[in-house]
Amino acid sequence: MQVFEWFLRKLEIMSYSSSNIPSTVLEQQIERPKSPLKRLIIGLLLMVIVAGALGAFQLYHTRAQLLQQAGANSQALVGIIQETIGAVMQKTDMTLLHVVDEVVHQYATGGVRAEELGHFVERQFRLMPEMDSLRIADPNGMVTLGSGHTPTVPVSIADRDYFTYLRDHADAGMVISKPLVGRVSKKLVIICARRINLEDGTFGGVVYAVLPLQQFNDLFKAVPVGSRGAISLRSDNLTLIARYSATDNEKNAVSRGSAGAPEAWLELVSQGKSQFGSYTATSLADGVNRIHYYKRISAYPLYVNVGIAVDDVLSEAHQEVLALAGAFAIFLLMAGVLIRLVDRNWHKTLAAENVLKRNYERLELMQEVSQHHAYTVQELLDFSLEKVIALTESGIGYIYHYNEEKQEFVLNTWSKNVMPACSVAEPQSLYQLEKTGIWGEVVRQRKPIVVNEYAAANSLKKGCPEGHVPLSRFLTIPVFDNDRIVAVVGVANKVLPYDQTDVLQLSLMMEGVWKIAARLTLEEHVLQSGNEWQSTFDSINDSISLIDTDQRIIRCNLATSLLLGREFTDIIGQPCWKLFHDSDALIEDCPMGKARLSLRSETSTINHAGRWLEVTVDPILSGHDVMTGAVHLVRDVTERIQSEESLRDMQAQMMQNDKLATIGQLAAGVAHEINNPMGFVGSNMVTLAKYIEKYNRYIELIEGEMRACSSGTLPEQVQALRQSLKLDYVMCDISVLVEENNEGIERVKRIVQDLRTFSRADSSSIGSADLNSCLDSTINIVINEIKYVAELKRDYGDLPKVQCNAQQINQVFMNLLINAAHAIQAKGEEIGVVSVRTWCDQNNAFVSISDNGCGIAPDSCGKIFDAFYTTKDVGKGTGLGLSISSGLIRKHGGEILVASEVGVGSTFTIRLPLKQPQSGDILQ
C-alpha cells in the first residue's frame, strides 16, 4: 500500500511539472486527492468489512447457539444422572434403615438372632443389585455378618472415618464415605452407612452398604457427552468420587478422593450457588476446555457435574469458518482484477482534480477537528495542533496558554516533530510577555502575525536560543474568550507563503477548538463531582437507589448490590418489586403507590430472604407537585424486630409470672388463714366428741339408777320427755355428725395442702413428680370450675415418675382444665364431659385432656399457641395461657398437640420426656 501511494503522489507531481514551482516543493505541498481508485478500494474494503462482519456475526451467533445448546444439554444430562444416582442413594438408605430397624427390634425382643438376621440382610441385599455387599459391624467395628463378598479373615472397620463419625454422633443420618478400597472386595468403592441406636440410646454398631465405583463409571460411559466430554461425581466438600472422560489416561487421570475442584466452581459455591450452577473452565487433568453444569443431589451430600468440550460443540462452526474463508479468497481475487481495470482509467483524470481536492481536504480537516471525540483537554489540543499543521501545510507548530493578569505564557505542547530536531539544552516552558520577541506581538497587537521571510532582518525579533529548530516562515494567532486572550497558536515552515486563507482557517478552527475545550473542562468537573458523589453514595450502609415513575432502578449505591447479592448491571433497569419482593407484578400496599398519592414519604416493612427490611420511599417532585421519581431507602431492621418480639414475649412471660406470683401469695395467705381456724375447729371437735361421750355415760348412769328405783322403768314424765326430745336418735346421730365434721375438716386440710403446692417458691427446680398426683392436686383446686358444667372422668395409667418442674406442669394442667370447662360452658347445652387420661411409652409420658365443648375452628388451630391470640370473647381471655403453657412444655423437651372439631370438642395431648437432658437441670 505504501508503494501504491508513492506512485500516486508521483503522478500528482507530474501533472504540475509545467508550472514554475519545483517538483520537490509540490511533492511536499500537494497531498494526493481522493480518486475513484481510492473510493473503489475503500468501497471494496467496506464490502469486505461488511461481509466479514456479517459472516463473523453469523459465526458468533452460531457459536453462541451451539454453546447455549451445549449448556442446556449438560443441564439435562445432569438432571438424568442426578435422578438416577439419587434413586440409588434413596434405595440404599431405605435398605440401611430396614436393617437398622430389624437389628433394634431383635435387641428389644430378646437379643440378636444371627441366623434370622443374616437371612433378613440377604433378602435386603438381593433387592439392591447396585450393592457389592451389605454388612453389619458391632460397636467395636468388627464385621459380624452380611451379604455379598464373604471375608476370609475377620475384618475391622473401626479405623474408617464413617465408622468413627457414626459412633460419635447419635443423631447422624446416612453417611457417605470418600472413595476407598474395600477390605473384602478389594475394589474401589464408596460406603453408605447408618448408625444403630439401641433403645437406651447407646451405640449398637453400624449397618453399611458397599457401592462399587465401577457402576458409576458404567453409568457415565452410557451418557452421550461427546468425544472429549467429562462426567464427575463429587461429595459435599467437592472431593472427587467418580469421574469419566474419554480423554483420561494414566498421565491425566484425576485421583479419587482428591479435593482439586475447579476454581470457577469453588468461586460459585463461595457466592452461595451451592445447589446448582454452570461455568466454563479448562481441565487441569487433560487441558480440555469444557462447559460444565453441576447440581446437588437432593437430600444427599453429592454433586453431579457434566462437562461438554467446547471443541466438540464448535466443530460445526469451524467448518463454517473454512467455507467463509474460501468465499473471501475468491472475492478478493475478483476485487484485485477490478482495481487493476479502474487504475488504468483513473490516472487520466488525476491531475485535473488535485487543485479542487486540496481545498476540499482543508474543509475535511476542519470538520474532523470539530467532530473529534476527545476525553481530555490535553488530548483535544494535541490532536488539533497536528491537524492545524496539516491544514496550513506547515512543518511545525505550538500552543501556549496565556494569563493576562500575570502577562505570562505557559507552554501547552509542541508538535511531534519539534523535539527530535531541537537541541536546546534546557528548553524553557514559561515566558514573560516583555521578554518575548516577534512571537509575542500577537498579544501586544491583539491580532494575527505573519512572517513569510523569517530570515530577513526585523526590529521585533530578539533571536532564538542555540539549537532551536530553524524557521523559514511563521504564522501566529491569538485565541479569545470573552475579549480575553487565553492562548496563542503558532505554525511555521510552510513551503509556500502564508496568506489570509491560512489566517482565517487557523483562526476559525482554533475558535471552535477552544469552545470544545471549555466544554470538556466542564465535563471533567462534572465527572469528578459525579465520582465524588458516587463515593459518598457508596459509603452509606443502608441501601439507597433512585427509581423512576415505573419503579425501575436507575441508580443505586454499593449497599444495594451487597443487600441483593447482584452486580450493578443486574440491578439497573430492574423494577424494585422484582428485586426486593421476588414478584412478577406490582405488589399490594406498596409504599411507592402510597407516595404517588400522598406526595410524601411512605414506609413499610417486608421480609426478604429471611431478613426484615424497612422500605422508605421519598418522592421527587417537580415544581408543579408532579412526582418524577423517588428515593428508595432500604434499612435492615431484623435485629430491631427480633428484639421487639423478644421483648413482647418477655413481657408476656413477666405478666404471667407476676400473675402466678400473686396467685401463689394469695394461695399461701389463704392457706395460712384457713389453717389457723381449722386447727382449733379440729381440736374442738375432738374435745366435743369426748364431752358427748361423757354426757352419754352420765345419762345412761342416771337412767339406770332411775330404773332401779322404779322397778326397772323410767318415770312417765322422764319417759315422755325422752321421747319428745328424740334422745335416742340424737345420741346416735351426734356421733355421725362429729365424724362428718372431721371428714370435712380433713378435706379442707387437703385443699390447703394443694394450695401450698401451687404456692411453692422453688419454681425453677427440677425434681421427680408423679403426674397422676399432680393432676389430682390440680383438679382439687379447679373442681369448682368443672363440677357445675361437666362430669369429670379420670383414666390414669401406670406412670413412672417424670423429671420436671411440678409447679409449672400443674400450671399447664390447670390452664387446660379451665379451658375445657369454658369450652363446655360456651357450648351452652347440657352437662358436658371432661376426660383426663394418662399413659406412657419407653421414653415419654402422655397426658390428654378432652372435652365435648364448642371446639376450635380449623383456621384458629394453628394460632392458639401464639401470644395474645384468643378465641374467647373480648374481656374473657388474655391470649397468654396456651402460649405460656406451650412454652413451658417445650422447655421440658416436650410438646402440646391439639385435635379439635367445631361443635364436637377438643383434645389437648401433652408429651413429656421421662428424663430431662443433663444440661436442663434448671428451667428458666
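How many of the 11 residues of α22 are buried? The count is 9, so helix α22 is largely enclosed by the rest of the structure; buried here means under 20% relative accessible area, exposed over 50% and partly exposed in between, with a 1.4 Å probe and protein chains only. This is a predicted model, in which local features need pLDDT of at least 70, side-chain atom pairs count only at pLDDT 80 or more, and totals for chains, interfaces and linings use all residues. Residues are numbered from 1 along each chain as its sequence is written, and side-chain values use heavy atoms, leaving out hydrogens and water.

**Helix α22 and its partner**

- The buried residues of α22 are G881, L882, S883, I884, S885, S886, G887, L888 and I889. Helices (H or I, at least four residues) and strands (E, at least two) are DSSP runs, numbered from the N terminus.
- Helix α20 (residues 806-827) packs against α22 (residues 881-891) at an angle of about 145°, with the axes 10 Å apart. Axes are lines fitted to C-alpha atoms, for helices over the stretch in contact, and angles run from 0 to 180 degrees between N-to-C directions.
- On the α20 side, the contact includes Q808, I809, V812 and L816, and on the α22 side it includes L882, I884, L888 and I889; contact means heavy atoms within 4.5 Å.
- After α22 comes G893, which has a positive phi, near 85°.

**Nonpolar cores**

- The largest nonpolar core has 43 residues, of which I85, M89, L134, I136, F216 and L233 touch the most other members. Such a core is a set of buried Ala, Val, Leu, Ile, Met, Phe, Trp, Tyr and Cys residues joined through side-chain atoms within 4.5 Å.
- Helix α3 (residues 36-108) supplies the largest share of this core, 10 residues.
- Apart from this core lies another one of 38 residues, among them L816, I884, L912 and L914.

**Strand pairing**

- Strand β22 (residues 627-636) pairs in the antiparallel sense with β18 (residues 543-547) over 5 bridges, and I544 stands opposite L633 of β22. Two strands pair if DSSP finds at least two bridges between them.
- Strand β21 (residues 611-621) also pairs with β22 in the antiparallel sense, over 9 bridges, with V617 opposite H632.

**Cysteines**

- The whole structure holds 0 disulfides, a disulfide being a pair of cysteine sulfur atoms within 2.5 Å.
- For C590, the nearest cysteine sulfur is that of C576, 5.7 Å away.
- C590 counts as buried at 14% relative accessibility, whereas C840 is partly exposed at 31%.
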